[in-house]
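Thanks for coming. I will go through one chain today, from its overall build down to a single residue. Please have the sequence and the model open.

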Amino acid sequence: MNFYRLTPAQLAMFGHLKSGEEVANHGPLGLGQVVSTHSHSQAALYLVQGLAEFNGGDTSRLLGIGQQDDAVLVPAHAKHAWTSRMDATTIPHVFGMARVEQILAVTEMITQTESYATEKLPGVRVLPLGGEPVSGIPQTVLVCVKNGCSIPMHSHHYPATMTVASGRARARTDDPATDGRWVERGACLHFAPGRNHGFEDCADDFSFVSINGGIVGKAWDLQLAA
Ligand SMILES: [Fe+2]
């Protein structure tokens, strides 16, 4: 048995599929009311609206309000039973793995609202990719540069590997092999601690993913070159 707490988007998909298909529903069940042991020829995804105890052979668990999970996927032919632990509990379910997967595959659209900036880099916005960036702790961030802006030559105490995600720019570095090179999507640059670098003539929404040792945070690790 697999247990889930359905996200709002998954609940919406559950409701959508349920309304368009022949589906079963246990309830409304009174407190203590039992749905006795049965099985189905197809897998079923049950959603508990209220509170109910699920019994599936050696697995027993409370699902619904106040619990960790509110849904269970019962495989085809697996025996299971329910006991309502709250008055007016309903347990709708959908059948068939194709339909179940359609619900479980729905992911939330996450809108990234928080971005980071430093007065040392006007026109530069940093979006964290995976959690809040903390100075000194390895992090992955997306760095977006306004068209026409530059990232002045600077260095860090931490190493950084950058992969250009969009647009183009001219790389600046005190490494003559790389200095002045145009970079665009897919280009990858690595800078060791203390190595000066920057970007000029940033165009076409220049952005890059930076995997680094901990540059962005409350106190940025960024020293402008003299
Ligand atoms: Fe940098």
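I start with burial: 26% of the 226 residues of the protein chain count as buried. Buried means that 20 or more other C-beta atoms lie within 10 Å of the residue's own; exposed means 12 or fewer, partly exposed is in between, and C-beta atoms are placed from the backbone.

Two remarks on the source. This is a predicted model, in which local features need pLDDT of at least 70 and side-chain atom pairs count only at pLDDT 80 or more, while totals for chains, interfaces and linings use all residues. Residues are numbered from 1 along each chain as its sequence is written.

Now the overall build. The C-alpha atoms of the protein chain fill a box of roughly 75 × 30 × 25 Å along the principal axes. The radius of gyration is 27 Å, whereas a compact globule of 226 residues would have a value near 17 Å. That radius is taken over C-alpha atoms, and the globule rule is 2.2 Å times the number of residues to the power 0.38. The chain is divided into domain 1 (2-104) and domain 2 (124-224), with bounds from an automatic or database domain assignment. Taken over C-alpha atoms, the centres of the two domains are 49 Å apart.

The secondary structure comes to two helices and 17 strands. These are DSSP runs numbered from the N terminus, with at least four residues of H or I for a helix and at least two of E for a strand.

Next, a sheet of five strands. It is open and antiparallel, in the order S1-S7-S4-S9-S2; strands count as paired if DSSP finds at least two bridges between them. Strand S1 (2-4) and strand S2 (24-29) are at the edges with a single partner strand each, so one side of each has no neighbour in the sheet. S2 pairs with strand S9 (residues 89-95) over four bridges, and Leu29 stands opposite Thr89 in S9. Helix H2 (residues 97-104) packs on this sheet, touching strand S4 (44-47), strand S7 (71-74) and S9, and its direction makes about 115° with that of S9.

What does H2 meet in helix H1? Gln10, Met13, Phe14 and Leu17 of H1 meet Arg99, Gln102, Ile103 and Leu104 of H2, where contact means C-beta atoms, placed from the backbone, within 7 Å. H1 (residues 8-20) and H2 pack at an angle of about 145° with their axes 8 Å apart. Axes are lines fitted to C-alpha atoms, for helices over the stretch in contact, and angles run from 0 to 180 degrees between N-to-C directions.

The other sheet I will cover is an open one of four strands, S3-S8-S5-S6, also with antiparallel pairing. Strand S3 (34-38) and S6 are its edges, each with a single partner strand, so one side of each is left without a neighbour in the sheet. Strand S5 (residues 51-56) and strand S6 (residues 59-64) pair over six bridges. Leu51 stands opposite Gly64, and Asn55 has Ser60 as its bridge partner. S5 and S6 form a hairpin with two residues between them, and Gly57 in the turn has a positive phi of about 65°.

Is Gly56 buried or partly exposed? Gly56 counts as partly exposed because it has 18 C-beta neighbours inside 10 Å. Leaving out residues up to four places away in sequence, Gly56 touches Met1, Val74, Ala78 and His80.

How values were computed
Contact = placed C-beta atoms within 7 Å.
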